[in-house]
Amino acid sequence: MFKTGFQLAVFIAPIILAGCSTANSLRVEKKFLSLPEDIGQPVTDFRKCVAAVSFRSELPKVDFDRLDKVIREAKKETSVLRRALINSVQPLEKIPKYYSGYANYSAGFQGTKTLLQDGNFQGAAYRYAVLDYKPLLSSDADDEIAEKIGLLGLLERGAIALDYGNSKCSRQFFKMAEMLVNERDDNTLAGYEHVLMLNLKAISHLLDSDFGAYNVTRRARDLQAVERDKFKKRIDESREKLNEKESDEKEGSFFSLAGEILSDAFKPNLDIATRISSPYVSPFSDYVSGMVSELLAAEYIRLKEDGKSRTELDSARISYKKAEKLSPKNKLVAKAKKDTAKGYKPKGKKLVHVAVGAGLAPEKKVIIIEIPIDNTIVPIKLPFYEPVASEIFSMKIYTGDGKKLAQLELLADVEAITMRHYYDERFSHILKAVSGSVGSFLIQKEKERQKEIVKNEKGKAASMFVDILGTVINAVIDHATMPNTKAFMTLPKEISVARFYVPIKLDQITVNSYDKKDRLLGSKSVKLLKKSPTFVYGRAINDNMQLFSQKEMLTFLKKE
């Protein structure tokens, strides 16, 4: 394809420049430590959220020096990976078995992760606001700002806003993220991440007692079914393509050997992945749909509107029945279905629904595994998910005087969903990784050929050309073969729920989190609505706990 090294260099120069600009975007930790007074025009709700206007009176405390250090440490892992790429073809004895670490997106995310694990959710939002000042001031329209922030950036901001109780901004970020998803046809967002985004968006609506929750839950439920079918088709196609490659006369032996070796990369967390049968069988969407209907029904019962309450109870029962089908062993879901079927409403009590997201979802890294080819070793790069350790083992709910009301039960195992999705996509990952490595091997061969061409040429110019060509080729190998580590990493590790009745006069509940030895980690109390049913959402990471309850139910009854 390229007759000279110069042609190759000209071809790949734009790629290297693009890669450099991406790297530089991560180096703005300490440059801008305050928010500009001017947030641009027009002043929209979305623009206010991007600018973190709610922090103007009192900025969250963020140690940017510490975050800068954390990210530098993460980038050291990226440097190790890059050196492995630069030296991609070496004799067997000089290559270690594998490298693994953060790269590109996941390296930059470590600043956010640090703040979340500290329980500084507002600080994480503030950090993003500082980083977003350029797209904010250089764009007039909301959709332009959203494009510059990017899909995953919007998702991370939406989840964090929900984590510290800013449900309005959470809805704004998720709304713009949905807009980008609908306008694009790419694989930036995994199907299960899209479903979970809608679940979180429904929760943000619910906290505002906004009827939009009703519609979003149904979209999430329908989307999961669509994504399940698309995923199965994609997996079958990848398996078929890999089989074709393994049967090919020229490349078959290498693809077969690589597939056998790379399969080991998917085994370490197989015990987590196999906790569920598919990444698209989560009962959470159906459960949230049932919960919304049941809360409406309970309020209609309180207002003595029997016709409306029966309609909502029937909708809740149908949703809970679907959730039970996906999670047949869950006693909480079974009881919810039973209660709504008979119109259960104990006298003198009110309904409470609680959902708490605990921990952080697995983070996406890169692993490089050595594969023998042509008497040398070619490192093959794979995306790699690693669970994020969580101290939380259980969560319980109490009254103010210490009486136990309920224990939260796991309903959405996001960790297992992520690992199952990764494991089921192994054929696609192997196919991409091996194909890319074959290409890098050929580029290295081109580098060696160019060296031979200029080997006998005299002068510094020829020598300098070889060095420049080598640098350019190494850069293109780095850019072209390093897997993308973009993933929705502010998602919780798991979402647990509880459903129970309390005396109407009870105005407060407390949620406690515990470790494996039943030692108290975090605790938070929250007010309940006086007479109406109440939904409570919480976020727990290690010994930190946030808890929020919805607004008055009357606004919920004003259907859009």
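A disulfide joins Cys 49 to Cys 169, with an S to S distance of 2.1 Å. The structure is a predicted model, and the count of disulfides in it comes to one. The link connects distant parts of the chain: Cys 49 belongs to helix H2 and Cys 169 to helix H9, 120 residues apart. The angle about the S-S bond is -90°, and the link of Cys 49 and Cys 169 is left-handed. Cys 49 has a relative accessible area of 12%. Because this value is under 20%, Cys 49 counts as buried. Cys 169 is also classed as buried, at 11% relative accessibility.

**Aromatic rings and charges over rings**

The count of aromatic pairs comes to six. One of them is formed by Phe 46 and Phe 173, whose rings are edge-to-face, with 5.9 Å centre to centre and 75° between the planes. This pair also bridges distant parts of the chain, with Phe 46 in helix H2 (residues 45-50) and Phe 173 in helix H9 (residues 167-183), 127 residues apart.

Elsewhere, ring pairs connect Phe 266, Tyr 385 and Tyr 422 into a cluster.

| Arginine | Ring | Distance from ring centre |
|---|---|---|
| Arg 218 | Tyr 214 | 3.9 Å |
| Arg 426 | Tyr 423 | 4.0 Å |

In the case of Arg 218, the charged end of the side chain sits over the ring of Tyr 214. Arg 426 lies over the face of Tyr 423.

Ser 319 is part of helix H15, which covers residues 306-326. With a relative accessible area of 2%, Ser 319 is buried because that value is under 20%. Leaving aside residues up to four places away in sequence, Ser 319 touches Arg 221, Asp 286, Ser 289 and Gly 290.

**The sheet**

Five strands form an open sheet in the order S7-S8-S2-S11-S12, with mixed pairing. S7 and S12 stand at the edges; each has a single partner strand, so one side of each is left without a neighbour in the sheet. Neighbouring strands of this sheet are turned by 25° against each other on average, direction ignored. Helix H10 (residues 191-207) packs on the sheet and touches S11 and S12, and its direction makes about 130° with that of S11.

Strand S8 (residues 494-503) is mostly covered, with nine of its 10 residues buried. In the sheet order, S8 stands between S7 and S2. Strand S2 (residues 349-358) runs antiparallel to S8, and 10 bridges join the two. Within this pairing, Ala 355 stands opposite Val 497 of S8, while Gly 357 has Ile 495 of S8 as its bridge partner. Strand S7 (residues 409-412) is likewise antiparallel to S8, joined by three bridges. Here Ala 412 has Ile 495 in S8 as its bridge partner. Strands of a sheet pair through backbone hydrogen bonds, in either parallel or antiparallel fashion.

**Positive phi in two loops**

Which backbone angle is positive at Asp 518, although it is not a glycine? Asp 518 has a positive phi of about 65°. Asp 518 is placed in the loop between strand S9 (508-514) and strand S10 (520-527). Its relative accessible area is 44%, so Asp 518 is partly exposed, the value lying between the limits of 20% and 50%.

Asn 542 also has a positive phi, of about 55°, although it is not a glycine. The residue is found in the loop between strand S11 (534-541) and strand S12 (544-549). S11 and S12 are members of the five-stranded sheet, and both are touched by helix H10. Is Asn 542 buried or exposed? Asn 542 is buried, because its relative accessible area of 13% is under 20%. Asp 518, at 44%, is partly exposed.

Definitions and conventions:
Residues are numbered from 1 along each chain as its sequence is written. This is a predicted model: local features need pLDDT of at least 70, side-chain atom pairs count only at pLDDT 80 or more; totals for chains, interfaces and linings use all residues. Side-chain values use heavy atoms; hydrogens and water are left out. Helices (H or I, at least four residues) and strands (E, at least two) are DSSP runs, numbered from the N terminus. Buried means under 20% relative accessible area, exposed over 50%, partly exposed in between (1.4 Å probe, protein chains only). Contact means heavy atoms within 4.5 Å. Rings of Phe, Tyr and Trp (its six-membered ring) pair if their centres lie within 6.5 Å; planes under 30 degrees apart count as stacked, over 60 as edge-to-face and the rest as tilted. A charge sits over a ring if NZ of Lys or CZ of Arg is within 6 Å of the ring centre and within 35 degrees of the ring normal. A disulfide is a pair of cysteine sulfur atoms within 2.5 Å. Two strands pair if DSSP finds at least two bridges between them. Axes are lines fitted to C-alpha atoms, for helices over the stretch in contact, and angles run from 0 to 180 degrees between N-to-C directions.
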